[in-house]
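Please look over the sequence and the model shown here before reading the briefing, which is arranged by topic.

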Amino acid sequence: MPKKLFLPLAGLLLFFSLAHSQQKYTISGTIREAASNETLIGVTVAVPELSTGTSTNEYGFYSITLPEGKYNLVITYLGFQDLLREVELDGDIRVDFNMNEKTQELDEVVVSEDVERMDIRKPQMSVNTLAVQTIKNIPVVLGESDVIRSLVLLPGVTNAGEASSGFNVRGGAADQNLILLDEAIIFNSSHLFGFFSVFNPDAIKDVKLFKGGIPARYGGRVSSVLEIFQKEGNSKEFKVNGGIGAVASRLLVEGPIIKDRTAFLAGGRASYAHLFLPLFDIDNRAYFFDLNTKISHRINANNSIFLSGYFGRDLFSINDSFVNTYGNAVGNFRWNHLFSDKLFSNLSLIYSDYFYGLELDFVGFEWDSGIQNFNVKYDLKHYINDKFQINYGLNNIYYVFNPGRITPNDEESGIVEEQLTKKFANEAAAYVDVEQNITKNLSINYGLRVSQFDRLGQDELFVYQNDQAVTFDPFELIYQSATPIDTLRTGRGGSIKTFFNFEPRVSAAYTINDNNSIKGSYTRLAQYLHLLSNTSSPTPLDVWTPSGPFVEPQLLDQYALGYFRNINNGEYSLELEGFYKDIQNRIDYIDGADLIANDAIEQVILNGEARAYGIELLLRKNEGRFQGWLAYTWSRSEQRTPGRDPVVDNGRSNLETGINLGEWYPTPFDKTHDIALYGNYEFNTKWSLNANFIFQTGQPTNFPVGQFEFQGLVVPFFGLRNQTRLPDYHRLDISATLKPKKNRGRSFQSEWVFSVYNVYNRMNAAAINFRQNQDTGRNEAIRTAIFGIVPAVTYNFKF
């Protein structure tokens, strides 16, 4: 062959050879638990030959694109047996996996749940995941496993103390947490005013808390996102599990409707301590119940649908003259669809309702309030290749706020029926979020969320002079409610105020080596809903209100930097993070603010600012008979409301002092030191021991700094806000679990859990009140404590 012809031909053959060698194909599929067909979240799919891999999403789906060739796929999910599958990749293929749970023997090395472990290579940071079994192991009051109480053992998470609702993340308020149950918004996460949470641990599959570096698919709250997914139901066989406790019991049933395709789940809980009160001549009642339901159906390999719901109610009454009823109700329809082996989608239609009712027979009226929302979400995940993924989607939420309706329940009460002005709003958002591996050592997540909030028209809207619903008296140096000068009747068709925000997110991880990495993140979030509460912990009486003409949305900028390390081949892990949060337009209340049944709430609130900063440490032991963690947080949380710009009124300028003289002051959620220690020790197959210890700096509060006498009455007066604190909070809890030997080889399994809450009977102060001693005439402080030592026994079973 002539040399001039050979060279071009060789070059062409080389080109085609290189092009062929670079041809890539996609492996995708779903990973399930073999025994139940339950999809598994966060399963690792590794490709050792290329030192790459991926993990399953919230619906158990994975997808990875690789060059043509032969590979070994290693499927790992601790608590389950590893899988090894050899695949010949010469085209796009679908490979589903079923994983079997490990059976633990006495001489086995016990390993912690994989979902709780960090991945030092991923840019995701400020995220904590709790395994359901860990939640069930943690000792809690009255022996009832509790998701919210378990979160308090994590760094950066606190609450207002015993019998307090909600939780606080990195110095934020409870209303700044977005709580999702199967993607539906939960507005009140507590039963019995905070004694228990609304989440039944038997019905839960996955719990994840985002404290920072929050992905762009989430929005609407500025502190955290708590994402909880329910189980899908066992499509293989019928299963029952439950428990009988000191104050409540639970039962969950799941099974196939059409084997391997359609499954159902139904779980219920109820308390019954009130049934014993009549034995002690007590007419009061306090109880709760809730119901979890779900139906999942696999239409074909590319389509699945889910219908889930939750309904819960609490009732508290005193002699039937005071009756308080409240609770959540949510429903969710979801459709998973695979457009291709690289493009996964989920459509959700969600309804959520929070109801609060009050019946006061002694004054002759009933009061109902609540919030409803209708939510449409469409999310897509595009697996471009093993180094580049894109998440994008749309979200629209329509809100109806009922601040209160008063109706007489007695014709002779003299009460006139009244409906406080309902409020309406619509929140729309679009987002894009990219996960990209830049190099072997550097990976980043970056995204943008664009949100728009429309405060829609309402029946009545007050108008104020100078557009200020709160005025300042320069002589008495106090803020006062303004008097409306007009009333607009806008109707419900238009918009009375629109807010538009860009919310960028970025996080990055630089891997120093296989065991060490550094991560950083920046997060911007907008929150358009506000919980009106002047207590340190939310109560059912609190009312949600939307942003509007007089209430600005809260805007957060959060920065975080962290160091992460695996120690001794993953036996131990260390997470160290620092954070700084700046929040604009944080609501503050004027002195003497009346929030209950207030039809003009704008007259008692002002827009201020808040900040929080701190350092978090989490040291885990992941393997062996003894496992657990030490969490420590040093942080500060402060807010201030300086005086507004001077306003000329009747020829004079009002120079405002602001709230608290415009100075920074500790928020009610400021806990300088927070220490949590949790441990689990497996003695043998029969006995295990769990213990946790908590220490928190005392909660900021207000004590009188003096008193004066007016017309024969002694009147206390207070200094600047939150300058004193309750005593430091600490307690030790322990529990022991007994699994009888007769469980072996039987379908019926049972266990006894013996627990002691507050072992050394620490009387932690929920409040300190002051009164005058009738004998001595001197003032004295009275400490109010909720719990001392509380022993409990719980019997759990499954078959």
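The model is predicted, with local features needing pLDDT of at least 70 and side-chain atom pairs counting only at pLDDT 80 or more, while totals for chains, interfaces and linings use all residues. Residues are numbered from 1 along each chain as its sequence is written, and side-chain values use heavy atoms, with hydrogens and water left out.

**Aromatic pairs**

- The structure holds 36 aromatic pairs, where rings of Phe, Tyr and Trp (its six-membered ring) pair if their centres lie within 6.5 Å, and planes under 30 degrees apart count as stacked, over 60 as edge-to-face and the rest as tilted.
- The ring centres of Y356 and W367 are 5.6 Å apart and the planes stand at 70 degrees, so this pair is edge-to-face.
- Because Y356 belongs to strand β24 (residues 343–360) and W367 to strand β25 (residues 365–385), the pair ties together parts that are eleven residues apart in sequence; strands (E, at least two residues) are DSSP runs, numbered from the N terminus.
- Y356 is buried, at 4% relative accessibility, and W367 is buried as well, at 3%, where buried means under 20% relative accessible area, exposed over 50% and partly exposed in between (1.4 Å probe, protein chains only).
- One aromatic cluster is formed by Y59, F61, F229, F306, F344 and Y383.

**Strand pairing**

- Strands β39 (residues 572–589) and β40 (residues 605–621) run antiparallel and are joined by 17 bridges, with A612 in β40 as the bridge partner of K581; two strands pair if DSSP finds at least two bridges between them.
- β40 also pairs with strand β41 (residues 626–640) in the antiparallel sense, over 13 bridges, and W629 in β41 is the bridge partner of R620.
- β40 and β41 form a hairpin with four residues between them, and G624 in the turn has a positive phi of about 100 degrees.

- A781 lies in strand β54 (residues 779–785) and counts as partly exposed, at 47% relative accessibility.
- Leaving aside neighbours within four places in sequence, A781 is in contact (heavy atoms within 4.5 Å) with I768, N769 and F770.
- A781 and I768 are 13 residues apart in sequence and 6.4 Å apart in space, C-alpha to C-alpha.
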